[in-house]
Amino acid sequence: MEVSKILARAYSAWNRGGTFRRRRERCKRYTYGDQWSDTVRDSGGAVVTEGEMIERNGKRAYTNNLIRQLVKTVVGRYRTMAADEGLYRGDIAALARANSLAELDSRALEEFLISGCAVQRVVEERRWNGNGVWVDNVDPRRFFVNAFRDPRGWDIDLVGMLHDMSLPELVNRFGHGDQARASELRRIYGAIGSAPSIGGDDAAGEAFFAAAEADRCRVVEVWTFDSRPAAGGADSDFCWHCRYFAPDGSLLDEYDSPYAHGAHPFAVKFYPLTDGEVHSFVEDVLDQQKFINRLIVMLDHIMACSAKGVLLFPVEQLPDDSTMAEVADTWARADGVIPITGRGLQLPQQINGNGGNSGAYQLLQLQMRLFEQVSGVGSALMGRSSVARGADMLDNEVRNATIALADLFESFRSFTASRNEKALRVFQQ
């Protein structure tokens, strides 16, 4: 296959992930508290954010971020299970210590909940702290893969990621100690640096062909499942082949998979994968979170507009030698006495509004319960229960509550198991 076609396939795969990246960005915004940035059209047809629309109506856009606590609860539950079950002991212990896998996997699970995507890269190379087998989390904004539908990823035949390197790192990795080659690399990236970007930006501000920072060099790593003639000219052999490209299409390096497992270095899990689409755990509760925020704004507005100790004073009850200002001043004092004439049938009375009669409080409580039901994370998983009496009953509640998350946890465990298998085969080769 021609080199230019491979880079074009990689670019096409990255472009196809644009919808996923935009959906992930929205879920990430909600998770970390930016929950009023969805756009709507105002009465004049202009596009504004929901937060701007709320403020134009004289209200304040409050955020009660339940999603962040939800994610923290699930990640905390995973860390507790991992410690109890010894997931980072045994054969994987040395690798886990060298790479801080417990911390790395917790952050990968956080990403898994937000976007439905977990990707790690397992390589053997020399780094500043020595030679070794290294595991890295891969930013989904820089990852691309062909359209696949098998939840195990067995129909993946193109996969890769975007790197941003300093020029010294670039020369060290791809110069192979050759001065002429190092000069060629400087020429390639010097020419690219003086030309406009040849890639467009996506929703997250990341470009395929242009580095995120001006002083970095963009490198595209592409792995393809290739075939080549076997020895003796009989049936073809299959192999995973790696290529590194510069943004102008120059081939920086290439080689067959050097690992004992013979495959690409990525561990990949999309969850849930339905017809090639991913809809994450966090995405399920966005509407509930949005409705809760709106109800809080509504309740705040109701309370602000409700009468608070308003005095209704009939004019005919005002004595001739008094003024309404004097009545208001006397009414504000704890020991005040307000004379009235006795004329008329209506006496002065104080009004206090009750915004709760609108039913908004009950609706808010309903939405809070729906949030727990939709997410599957109830009060027991959050360490509180209004039913359990004693530690044993609470433990039973926690175990029962975890059933709703069992599929998610097992899917993530299949991801870490795949990663461990690759890492150990590299580590022990």
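Reader: Is V297 buried or exposed?

Author: The classes rest on relative accessible area, computed with a 1.4 Å probe on protein chains only: buried means under 20%, exposed over 50%, and partly exposed in between. V297 has a relative accessible area of 4% and is therefore buried. This residue lies in helix α9 (residues 286-305). Helices are DSSP runs of H or I with at least four residues, strands are runs of E with at least two, and both are numbered from the N terminus.

Reader: On what kind of model do these values rest, and how are residues numbered?

Author: This is a predicted model, in which local features need pLDDT of at least 70 and side-chain atom pairs count only at pLDDT 80 or more, while totals for chains, interfaces and linings use all residues. Residues are numbered from 1 along each chain as its sequence is written, and side-chain values use heavy atoms, with hydrogens and water left out.

Reader: Which residues are in contact with V297, leaving aside its neighbours within four places in sequence?

Author: Contact means heavy atoms within 4.5 Å. On that basis V297 is in contact with W36, I54, K59, R60, A61 and Y62. Y62 is 235 residues away from V297 along the chain, yet their C-alpha atoms are separated by 6.1 Å. For the chain as a whole, among contacts with a separation of 6 or more, 66% join residues 24 or more positions apart.

Reader: What is the overall make-up of the chain in secondary structure and burial?

Author: The chain has 13 helices and 14 strands. Of its 429 residues, 44% are buried.

Reader: Which residues of α2 and α6 meet?

Author: From α2 come F20, R24, C27, K28 and T31, which meet E111, I114 and S115 of α6. These residues divide into three nonpolar, two polar and three charged. In this scheme Ala, Val, Leu, Ile, Met, Phe, Trp, Tyr, Cys and Pro are nonpolar, Asp, Glu, Lys and Arg are charged, and the others, Gly among them, are polar.

Reader: How does the span of α6 compare with the expected value, and how many of its residues are buried?

Author: The expected span of a helix is 1.5 Å times one less than its number of residues. With 15 residues, α6 reaches 20 Å from its first C-alpha to its last, close to the 21 Å expected. Because 12 of these 15 residues are buried, α6 is largely enclosed by the rest of the structure. One of the buried residues is L104, with a relative accessible area of 18%. Leaving aside neighbours within four places in sequence, L104 is in contact with N99, Q120, V135, D136 and N137.

Reader: Where is Q120, and which residue does its side chain join in a polar contact?

Author: A polar contact is a pair of N or O atoms within 3.5 Å; within protein, one must be able to donate a hydrogen and the other to accept it, and residues adjacent in sequence count only if both atoms are side-chain atoms. Q120 is found in strand β3 (residues 117-127), and its side chain makes a polar contact of 2.9 Å with that of N137. Q120 is buried, at a relative accessible area of 0%.
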